[in-house]
Amino acid sequence: MKTYRTENLRNIVLVGHNGSGKTTLAEAMLFVSGATTRMGRVEEGNTVSDFDEEEIRRRLSIYTSLIPIEWSDHKLNFLDAPGYLDFVGEMKSAVHVADCALVVVDSVAGVEVGTEQAWAALEERGLPRIAVINKMDRENANYERALESLRRAFKANFVPIQLPIGSQAAFEGVVDLIAMKARRGPRGEAGEIPPALREEAEEARMRLMEAAAESEDELIVKYLEGGELTEGEIRRGLKAGFLTGRIVPVVCVAGFSTVGVGPLLDLLVHLAPSPLEAKPVEAVPVSNGQPEAIQPDPAGPTVAYVFKITADPFVGKLAYFRVLRGTVRSNSHLFNANKGQDERLAQIFVMRGKEQIPVPELVAGDIGAVPKLNVTGHGDTLCDRSHPVRIAPPVYPTPLYAVAVEPKTKADSAKLIPTLQRLCEEDPTLHLRQEPSTHQTILEGMGDAHIDVAVRRAATKFGVEIVTSVPKVPYRETITKVARAQYRHKKQTGGAGQFGEVHLRIEPLPRDGGFEYVWEVFGGAISSNFAPSIEKGIRSVMEQGLLAGYPIVDLRVAVYDGKEHPVDSNDISFQIAGREAFKLAFQQAGPVLLEPIMQFTIIVPEQFTGDVISDLNTRRARVQGIEQQGDKSVIIALAPLAEMQRYATQLRSLTQGRGVFRMTFSHYEEVPHHIAQTIIEQARREREAAKEKA
């Protein structure tokens, strides 16, 4: 593949709901452009874009793939992004390095939840977009209905620039409203508009002309004075409106039969922005921290942003990057501004699915990949050491679904954490953490499918079998009143004995008050040298818990009296005495369990609000408020984590997949008595079972 100049590059992300036909459309563009000699099928597992084993097994896109297509002396880098909700991180990463988007909509289903999610990501970045009504050859396809669903769902000026010629099995091409020509077949051979469509096409062209004229003062003056705009002026006004987001052009295509694919590629060459026309990326120089606009100058200091990492035990790490400025060459060195280390770039590649096409260099605006970088990770910036800058990564959503993970066999134990860490390096929406209160390793993601893919990938790619379970809730234990206790530890064994007596008082602290240890012994009843020993004994109990095995929090312990022996008192004696005195006092201090309360922000279509609130009421949730945003309800609620651990699955079920939510930790509060008793009893049974097993 030859090296293209920056002005001849186009970076386009394909987004839309899962099943809208993005991958099939990418396959059709490869075929029509001559990059492949036959079209793959998602059902047959032989597409260029979906090449991973898990994608083939599930018949859906999981990872973003890069599909470069050469057309009319231009290179179009298509980023085929997943539409399934669980893989939103891949989609956001792709949007972050694209200059415009094709929003692919099924001509039968219209706008779906994945379309809405993708649209929100495009709005966040301010990317211009084209709406592509796909599958026009499908039974029950309806261009007008799909267009109306777009207008209902989004506040945007949707302007058709193509009309379909025929529909369903009779779909044979499109009417190009700019040139007023019929474009039939895959490559779009030009011809006359069918007489039956002529009047509709004239009306649609007038609306297009009006929208184009509104984009420039000069054009609107000409249009209002009664002068028709030329084809060149319509293109100019359309592009101006498109780049600012004032116009969303609408086209139609049939990816499966490839009808309309050629006209779509022609349109992208003329309408999609080159990197020179796109909004400059903002970077922060490492030296002074002042924001700097990165202009795509091939001769400037090199800046490349790494937006995707794939890890393979045999091939190693492959880093996908976009060159934002300068030129990246094979066998060169760049500086990783995030890690503060030099990286040697060996052979760089243009990726087409899993195919690696070696190239000598990539200029500003182009996208490629390089293997075996030592320290570079997802979201890092590679640049000239003389002018180090950092590019901010996108803001990824917080995980919504968690599982506790453990190795299936002892042989997998040593490899478990390193393997999961490698998977988290690839995917910024996958998080790994240790929960100290439950002693579990927790893997968090966006949903059950997301976690399942990660677990399967650990097994197939890295040979680590993982068992998952619902995580234990990280409860806490505390007290509700003041209590006193004393304990004497005395042990005589013939030699040196053990002696220590501790009198202490425990008091509740406000929530999140932590732990306070106070020494109130006066007159030398106990030497202050033993104060740390007593505290150590108390802390050992607090870590293990006394009610159900959870950490004890939010209390003050005051040691106010005791006794010691001049010979037999030592560190271990006072550790034991402090520990046992604390246990006695805790049981008398009104011990209770605390549970984590999460704040939920739930966004659902208005018609599902009642069902969602009814369900929340069964989960001990407290609705704090409901706001309206267009046709969506935003529900704010507080709910115990114990009741909401699998809420991601439940909400999708309640709202036909259209509900989304985010959650953040709010506070701890007391568990209702009847529920606490069940938890304590369960913990007791587990302890007894563990003893029997041991």
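1. A salt bridge here is a side-chain nitrogen of Lys or Arg within 4 Å of a carboxyl oxygen of Asp or Glu. The two residues are 29 apart and link distant parts of the chain: Lys-135 sits in the loop between strand 5 and helix 5, and Asp-106 in strand 4. Helices (H or I, at least four residues) and strands (E, at least two) are DSSP runs, numbered from the N terminus. Lys-135 is partly exposed, with 23% relative accessible area, whereas Asp-106 is buried, at 4%. Buried means under 20% relative accessible area, exposed over 50%, and partly exposed in between (1.4 Å probe, protein chains only).

2. Before you read on, please note that this is a predicted model, in which local features need pLDDT of at least 70 and side-chain atom pairs count only at pLDDT 80 or more, while totals for chains, interfaces and linings use all residues. Residues are numbered from 1 along each chain as its sequence is written, and side-chain values use heavy atoms, with hydrogens and water left out.

3. Helix 5 covers residues 143-153, and its buried residues are Tyr-143, Ala-146, Leu-147, Ser-149 and Leu-150. These residues lie on the same side of helix 5, because they cover an arc of only 155° around the axis; the arc is that of the directions from the helix axis to the C-beta atoms. An α-helix has 3.6 residues a turn, so residues three or four places apart point the same way. Among the elements covering the buried residues of helix 5 are strand 4 (100-106), strand 5 (129-134) and strand 11 (248-252). At the start of helix 5, a side-chain oxygen of Asn-142 comes to within 3.2 Å of the backbone nitrogen of Glu-144.

4. Two strands pair if DSSP finds at least two bridges between them. Strand 31 (residues 498-508) and strand 33 (residues 555-563) run antiparallel and are joined by 8 bridges; Ile-506 has Val-557 in strand 33 as its bridge partner.

5. Arg-488 pairs with Glu-501, with the closest N and O atoms 2.6 Å apart; Arg-488 is in strand 30 and Glu-501 in strand 31. Arg-488 is partly exposed at 43%, while Glu-501 is buried at 5%. Arg-511 forms a salt bridge with Asp-554, at 3.3 Å between the closest N and O atoms.

6. Across the whole structure, a search finds 51 salt bridges. Glu-54, Arg-57, Arg-58, Asp-452 and Arg-456 are linked in a network of them.

Terms used: Contact = heavy atoms within 4.5 Å. Polar contact = N/O pair within 3.5 Å; in protein donor to acceptor, adjacent residues only side chain to side chain.
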